[in-house]
Amino acid sequence: MAAPPAAAVFHAQRRRVLMAALGAAAHMWGKTAPADFDGWFDRNVDELVDVTAKAQERAAEPGGAYVAEALREQGTPVAAEAAVRPQALAGVASDGRPLDSLLYGSVIRAKAAMKGTDGSVAAQNLAWQAGRDALLLRVQTQVSDASRVSTGLSTFVRPQVGFVRMLVGKSCSRCAVLAGRKYRTPAFQRHPGCDCQMIPELDAADDLTTDPKMYFDSLGAEEQDRIFTKAGAQAIRDGADPSQVVNARRGMTTASSGRMVKAQIYGQHIAATTEGMTRRGLAHKAVRRRHGAFEEIRPAGARYTMAKIPRPMPEAIYEIAADRAEALRLLRIYGYIDP
C-alpha cells in the first residue's frame, strides 16, 4: 500500500508556507553585511519573529484535516476526541526558547565567521551570508516542527491511532533507516533541517518513502555513497541491514528535547517554556479556564505569578503523563487542545 494521497497534498501545503517564510527571511537579511550586526538584529528582530510565528501557525493549521483525510483514504476513519489549537504552537521555538533567542543564534554564527578574517568588506559579507544560512535553517526547522507537532497532536487525540514515518525527497542516512517505523506516541525524532513527515498509522507501506532498503536501492551508486558513506553503502550493497550500518539517533532530537528550557513539573525535569503564560497569552487563558490548574502546578507557598510558571511543550507532556487520559488532560490545561 502506498502512502495516502493526502500526505502529498499536506507536504505541498507545508512546503509553500515554508518557502514563503524562507524567502521573506532571506530578503530581510540581505546579502550585504551591516556595520553593526547586533544593531541590525535589534531593529529587525520583531519582524523576523513575526514572519516565523505566522509561518508556524499556517504550517500547523492543516494538521487536523490532514490526519482525518489520510485515515479516511485508508478506510479507517477515527473521530478526534479534542481539537488541536494551531496558534498554541506558534511564537515559541520547539525546544521551549523564545523565538528571538533562537533567531539571534544566526547573528552569533555571523560573528563567529568573522573571527580570524582580515575584517574587510568582503569578509564581513561572507560572514553575514553564513549567518543567513543559519537563520534559514532555524526558520525551516521551526516551521517544520510546528507542522509535525500539530500532526502528532491531531494523531494523539484519536484513540488507537499512531503514525508511520515517511521520507520526503532526498533524505539523509539517519532519516532513511527510520523510514517506515511505527510510533504510538508522536515524539518525532528529527535533526535541524529534517523534512520527514508522519502518516497516520496504517500497514507498512510498500513504498520507497517508508522502506529504508527500497529507498537505498532507488539511489544511484554515487548518491548511496554520499548519503551512507562509501563503506556504509558498500556494506548495505553486500547485504547489511541499513539500520545496523547507520547510527540513526546521531544528531536526532525530538522537537522539544534539544537545547530546551528545563523545568521541574511533577517532580521531573522536562522541556518547557514560559511563552504564552503572560496574562495576555493563550496558555495563560487556557490555564485560568481550568479551575484548580494553577494551584496544581504551583509549588506550595510559591508567590510568583503565572507568567513565571513553566509551560510544558507537547512532547514533554507525553513523557510525564502516566497514561493517555492524563496526557490529554495536560494538553487541555496548557492550551494545546480544546474539548
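A residue is called buried under 20% relative accessible area, exposed over 50% and partly exposed in between, using a 1.4 Å probe and protein chains only. Helices (H or I, at least four residues) and strands (E, at least two) are DSSP runs, numbered from the N terminus. This is a predicted model, where local features need pLDDT of at least 70, side-chain atom pairs count only at pLDDT 80 or more, and totals for chains, interfaces and linings use all residues. Residues are numbered from 1 along each chain as its sequence is written, and side-chain values use heavy atoms, leaving out hydrogens and water.

Start with helix H3, residues 63-73, where Gly63, Tyr66, Val67, Ala70 and Leu71 are buried. These residues lie on the same side of H3 because they cover an arc of only 125 degrees around the axis, taken from the directions from the helix axis to the C-beta atoms.

Now for the rings, which pair if the centres of Phe, Tyr or Trp (its six-membered ring) lie within 6.5 Å; planes under 30 degrees apart count as stacked, over 60 as edge-to-face and the rest as tilted. The whole structure holds seven aromatic pairs. One of them joins Phe10 and Tyr66, stacked at 4.3 Å centre to centre with 5 degrees between the planes. This pair links distant parts of the chain, with Phe10 in helix H1 and Tyr66 in helix H3, 56 residues apart. Phe10 is buried, at 3% relative accessible area, and Tyr66 is buried at 4%.
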